[in-house]
Amino acid sequence: FSQKPSLAFLGRLDAQKRFWVVLELAKRFPQVDFLIGGDTHAPELMNPIIEKYKSLLISLYFTVYSGL
């Protein structure tokens, strides 16, 4: 990764966790690397949100953990 400051979010990528707040922060602070790790119980709902932000941000990294 880069020399920029980093922020990590580890948790379930579901609506009740409101992980899109972190995505909005990433949009507002491009000078920070945002590392997001987690899985979702509702991929049909969450995957379009994740894809939307992935296409907008260059300092956003997703790592999905399945089967934990």
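Three salt bridges occur in this predicted model, a salt bridge being a side-chain nitrogen of Lys or Arg within 4 Å of a carboxyl oxygen of Asp or Glu. Because the model is predicted, local features need pLDDT of at least 70 and side-chain atom pairs count only at pLDDT 80 or more, whereas totals for chains, interfaces and linings use all residues. Residues are numbered from 1 along each chain as its sequence is written, and side-chain values use heavy atoms, with hydrogens and water left out.

| Salt bridge | N to O distance |
|---|---|
| Asp33 and Lys4 | 3.4 Å |
| Arg12 and Asp14 | 2.7 Å |
| Glu24 and Lys27 | 3.5 Å |

The pair of Asp33, in strand E2, and Lys4, in the segment before E1, links parts of the chain 29 residues apart; helices (H or I, at least four residues) and strands (E, at least two) are DSSP runs numbered from the N terminus. Asp33 is buried at 1% relative accessible area, while Lys4 is partly exposed at 30%, where buried means under 20%, exposed over 50% and partly exposed in between (1.4 Å probe, protein chains only). Glu24 and Lys27 both lie in helix H1, three residues apart, about one turn of the helix.

Strand E1 (residues 6-10) pairs with E2 in the parallel sense over five bridges, pairing requiring at least two DSSP bridges between the strands. Leu7 has Phe34 in E2 as its bridge partner.
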